[in-house]
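This report describes how the parts of one protein chain are arranged. Please look over the sequence and the structure before reading on.

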Amino acid sequence: MGAFSSIILLVYVAATVLSISEGSERIHSLIRQPVAGTVSAESDPAGFSCLSWRFGVETKNIRDLPTVPKVCQHYVADYMLSDQFLQDSKVVTEEAFKYAKTVKLAGDGKDIWILDVDDSLITHVDFYAQNGFGTEIFDVTALINYLAQGISPALPESLKLYRRLLRLGFKIVLLTGRMEPSRNFTESNLKNVGYHSWEKLILRETGEWNDTTQRAHKSAERRKLVESGYRIIGNMGDQWCDLLGDYPGHRTFKLPNPVFYTE
Ligand SMILES: [Mg+2]
């Protein structure tokens, strides 16, 4: 996918960590059952801080980087496999829930919460591990084949928020950059891991995968929603292209993702 090929896709399979298969097991274990862990702010002898780099990427101060800095490969892999990633996700979803609770819904079924799918509701960290965590440019065909298996696990804090939003009475709109031919396996993957219902699942009809079209697609679809009477109360995604543009929603929530950047 162009979005992936245009962004940072570089992490690391450390010789000190695990084999690929063992890494996959560890990832799934983490997704299902968070474990205690810490992430070291690895730095090179010159003092380059990977923690500071990640902060810069997440806050959109650092842009247009072709790859994760080589010195940060271990750091990013460690972060993605650590409890810190889950804790960072939890901060986002807890804030979203706190805000959601303050909203008085109109009761007409038009108050919606938009959720991105990839690396927001479900994670492909298993694919990243099996493909060098992005140390090379993604093989688009391999990625699509992986997605088509529909085996991506839920991000636990996102699933928790999804359930809470439903209980509060929000209508859920899933807005993804995936193409229409992906609909069936996207739905089955989501349902298999606990996302069982939604008001709409909006995919792309056609187009190229790149940052510009991703953002334009999401803006255009949000505009259609608003023009048809929906009120976008909240919006959560792992990329800035999910949250920028027209009609982003009353509040937006950015999930962590140090692996790549799409504005
Ligand atoms: Mg995403």
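## Two helices side by side

In helix 5, the residues Leu86, Ser89, Lys90, Thr93, Ala96, Phe97, Ala100 and Lys101 meet Pro156, Glu157, Ser158, Lys160, Leu161, Arg164, Leu165 and Leu168 of helix 8; two residues are in contact if their C-beta atoms, placed from the backbone, lie within 7 Å. Sorted by class, this contact has eight nonpolar, three polar and five charged residues, where Ala, Val, Leu, Ile, Met, Phe, Trp, Tyr, Cys and Pro count as nonpolar, Asp, Glu, Lys and Arg as charged, and the others, Gly among them, as polar.

Helix 5 (residues 83–102) and helix 8 (residues 156–168) pack at an angle of about 10°, and their axes are 9 Å apart; axes are lines fitted to C-alpha atoms, for helices over the stretch in contact, and angles run from 0 to 180 degrees between N-to-C directions. Helix 5 is therefore roughly parallel to helix 8, a term for angles under 35 degrees.

## About the model

This is a predicted model, in which local features need pLDDT of at least 70 and side-chain atom pairs count only at pLDDT 80 or more, while totals for chains, interfaces and linings use all residues. Residues are numbered from 1 along each chain as its sequence is written.

The protein chain has 11 helices and five strands, which are DSSP runs numbered from the N terminus (helices: H or I, at least four residues; strands: E, at least two).

Five strands form an open sheet in the order 3-2-1-4-5, with parallel pairing; two strands pair if DSSP finds at least two bridges between them. Strand 3 (200–204) and strand 5 (251–254) stand at the edges with a single partner strand each, so one side of each is left without a neighbour in the sheet. Strand 4 (residues 231–237) is joined to strand 5 by four bridges, and Met236 stands opposite Phe253 in strand 5.

## The nonpolar core

The largest nonpolar core has 29 residues; such a core is a set of buried Ala, Val, Leu, Ile, Met, Phe, Trp, Tyr and Cys residues joined through C-beta atoms within 7 Å, and a residue is buried if 20 or more other C-beta atoms lie within 10 Å of its own, with C-beta atoms placed from the backbone. Strand 1 gives the largest share of this core, four residues.

Trp113, one of the residues with the most contacts inside the core, is in contact with Leu165, Phe170, Ile172, Ile233 and Gly234, leaving aside its neighbours within four places in sequence.

Key. Parallel < 35°, antiparallel > 145°, perpendicular 65-115°, else oblique. Buried ≥ 20, exposed ≤ 12 C-beta atoms within 10 Å, placed from the backbone.
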